[in-house]
Amino acid sequence: MSNPIIEIDDRSGFCFGVVTAIRKAEETLNSSGSLYCLGDIVHNSDEVQRLMNKGLKTITHDDLKQLHDVKVLLRAHGEPPSTYHVANEKNIEIIDATCPVVLQLQRRIKSSYETCPDAQIVIYGKEGHAEVNGLVGQTDGRAIVVQDLADLDKIDFTKDIELYSQTTMSLTGFSDIIKEIERRVAPGVKFNSYDTICRQVANRVEHLREFAASNSVILFVSGKKSSNGRFLYEECKSVNRLTYMISNQSEIKSEWLVGKPTIGICGATSTPRWLMEDVYDRVKSLTENSL
C-alpha cells in the first residue's frame, strides 16, 4: 500500500491579531525575561506552555489588582476601560496587544453609546467571552449580549437598537439575528446594524469546508478552550464526518489513518503553525511505519 498524501492547510493557524500578541510577548520576554499576561494569551494550552517556559506568567483580573510596577500584556481579545484604570493606579506598564479590528470595534461601540444615549447597544456574541467583556465595558456594562435568537427577548423592541457583533461570530448567525430584529421591531423605531465580523476569520469557513471535503480524513488541531476552534471544527465535520479534533500529536489514533489516501491537517485562528507541523510529522511517522 502506498503512503497517503499528507497536507497542512496553508490558511490555517494564527490570525494577524494573535501573531502580533505573540510577537510582542516574545520581544518583551527577550528583553526583560519576565512578563505577565492577563488571561491566556491564546486559547491553546501548548502555545501557552511554550511561552510560560520563556517566562510568561498568566494572571487573572484579581491578580492584577495585587501587582504593581510590572509589565502586563493585554491579549488580542481586548479589555474594558476598568482594566486600564487599575493598571494606571498600580503603576503597571501595559503592553497592549489588542487586535486592531477589536480596538476599532471598541471605539465604534463607545461612540454609539455616547452619541445615542437612548438607544440599546446590542452585541451579538458569547456572554462572558473576553472580547465581549471588553466591548460591554465601553458602555459602562449596559450593552445587551445576545448569542442566539432565544436571547432576543432581552431587547425592548419599542426602543432604538444599535447592533454590533463580536469579531469572530458567524456571518450567517448575524444575518439571522438582523432578520429577526427587523421582524419584531416596533413601527417608527430606529434599528441600525453594523457588520463588525473579522473577514480574516469569517472567510476561512468556506475555504475549510472545501479543504475538508477534498481529503479522506481531517485532523483539526485546536485548543479545547477555543470557541473559534469548536466552530471551525464543526464546519469541517459537517462536510467530512471523518474529522477529528485534537489538541496535539499525542491524541492521534492510528486507526483513523488506515487506508486513507489523503490526510488533511488544519486548525483554528489560535493554533500555532508549529503544532500542526508536529501533527504532520507524527502522521508521517505512523503511516510510513505502521500502515
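**View 1. Tyrosine 194 and its stacked partner in the predicted model****.** Tyrosine 194 is partly exposed, with a relative accessible area of 22%. Tyrosine 164, by contrast, is buried, at a relative accessible area of 2%. Because tyrosine 164 belongs to strand E8 and tyrosine 194 to the loop between E9 and H8, the pair ties together parts that are 30 residues apart in sequence.

**View 2. Stacking of tyrosine 244 on tryptophan 256****.** The ring centres of tyrosine 244 and tryptophan 256 are 4.1 Å apart and their planes lie at 5°, so this pair is stacked. Tyrosine 244 is in strand E11, and tryptophan 256 is in the loop between E11 and E12; the pair links distant parts of the chain, 12 residues apart. Tryptophan 256 has a relative accessibility of 13% and counts as buried, the limit being under 20%. The count of aromatic pairs comes to four.

**View 3. The open sheet E7-E6-E8-E9****.** Four strands make up this open sheet, with parallel pairing in the order E7-E6-E8-E9. Strand E7 (144-146) and strand E9 (191-193) are the edge strands, each pairing on one side only. From one strand to the next, the twist averages 25°.

**View 4. Strands E6 and E8 with helices H5 and H7****.** Strand E6 (residues 120-124) runs parallel to strand E8 (residues 161-165), and five bridges join them. Opposite tyrosine 124 stands serine 165 in E8. Helix H5 (residues 100-115) lies across E6 and E8 and runs at about 170° to E8. Helix H7 (residues 171-184) also packs on the sheet, where H7 touches E6, E8 and E9. The direction of H7 makes about 170° with that of E8.

View 5. Helix H10 (residues 227-239) has 13 residues and should span 18 Å at 1.5 Å a residue; its end C-alpha atoms are 19 Å apart, which agrees.

**View 6. Lysine 57 over the ring of tyrosine 36****.** Lysine 57 lies over the face of tyrosine 36, at 5.7 Å from the ring centre.

Methods: Residues are numbered from 1 along each chain as its sequence is written. This is a predicted model: local features need pLDDT of at least 70, side-chain atom pairs count only at pLDDT 80 or more; totals for chains, interfaces and linings use all residues. Side-chain values use heavy atoms; hydrogens and water are left out. Two strands pair if DSSP finds at least two bridges between them. Helices (H or I, at least four residues) and strands (E, at least two) are DSSP runs, numbered from the N terminus. Axes are lines fitted to C-alpha atoms, for helices over the stretch in contact, and angles run from 0 to 180 degrees between N-to-C directions. Contact means heavy atoms within 4.5 Å. The expected span of a helix is 1.5 Å times one less than its number of residues. Rings of Phe, Tyr and Trp (its six-membered ring) pair if their centres lie within 6.5 Å; planes under 30 degrees apart count as stacked, over 60 as edge-to-face and the rest as tilted. Buried means under 20% relative accessible area, exposed over 50%, partly exposed in between (1.4 Å probe, protein chains only). A charge sits over a ring if NZ of Lys or CZ of Arg is within 6 Å of the ring centre and within 35 degrees of the ring normal.
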